[in-house]
Amino acid sequence: MQFSVVMHRVGLAACILLVIACFLPWTYYADPHITNEAQRTFTGFFTFQNQYGKPGKLLSFIAIIVFGFMLLPKLWAKRANLFIAALGVGYAIKTYILFTSCYNAYCPEKKAGIFLMMACVILLLLASAFPNVKMEQEKKD
């Protein structure tokens with residue numbers, strides 16, 4: 001099997017896993033000011049009093065766009081896909097730093113969801129860098 005075909009399938013699977021990772025727990029804050037135990041666990045769609053926003057929305061949107069562009073057999077879609085995946089990696093790095101940084105002497109416990117999110121966006125970028133494109137041979141006159 002060709003490398004580009006494998007990367008295409010890995011990229012499609014990474015898109016689906018990225019959306020799933022946004023719903024998984026990312027961090028746990030042992031802050032005594034947060035009285036409800038369920039509110040101490042942050043995900044891509046939930047943070048206490050929405051202090052960190054909802055990065056899961058943008059990451060899910062990026063995953064859906066990349067998934068769609070991976071299925072399109074057009075060269076412009078492959079080029080746009082690389083750009084969008086690179087934006088996704090940048091946003092994921094910013095989100096990782098935001099969610100895992102300490103504040104007021106409280107350092108969060110990192111959960112599996114944030115690591116899965118980072119792995120998925122990196123796989124999306126790699127899959128976008130090696131698209132499954134069939135080149136037509138030029139006709140010789």
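This is a predicted model: local features need pLDDT of at least 70, side-chain atom pairs count only at pLDDT 80 or more; totals for chains, interfaces and linings use all residues.
Tutor: Residues are numbered from 1 along each chain as its sequence is written, and side-chain values use heavy atoms, with hydrogens and water left out.

Student: Are α2 and α3 roughly parallel or roughly antiparallel to each other?

Tutor: Helices are DSSP runs (H or I, at least four residues) numbered from the N terminus. Axes are lines fitted to C-alpha atoms over the stretch in contact, with angles from 0 to 180 degrees between N-to-C directions. The axes of α2 and α3 come within 9 Å and cross at roughly 160 degrees. Angles under 35 degrees count as roughly parallel and over 145 as roughly antiparallel, so α2 and α3 are roughly antiparallel.

Student: How many charged residues does the contact of α2 with α3 have?

Tutor: Contact means heavy atoms within 4.5 Å, and the α2 residues making it include Pro 55, Leu 58 and Phe 69. Asp, Glu, Lys and Arg count as charged, Ala, Val, Leu, Ile, Met, Phe, Trp, Tyr, Cys and Pro as nonpolar, and the others, Gly among them, as polar. By class, the contact of α2 with α3 has 16 nonpolar residues, three polar and one charged.

Student: Which residues of α2 make the contact with α4?

Tutor: The axes of α2 and α4 (residues 112-129) lie 12 Å apart at an angle of about 25 degrees. These two helices are therefore roughly parallel. From α4 come Met 117, Val 121, Leu 124, Ala 127 and Ser 128, and from α2 come Leu 59, Val 66 and Met 70.

Methods: Angles under 35 degrees count as roughly parallel, over 145 as roughly antiparallel, 65 to 115 as roughly perpendicular and the rest as oblique.
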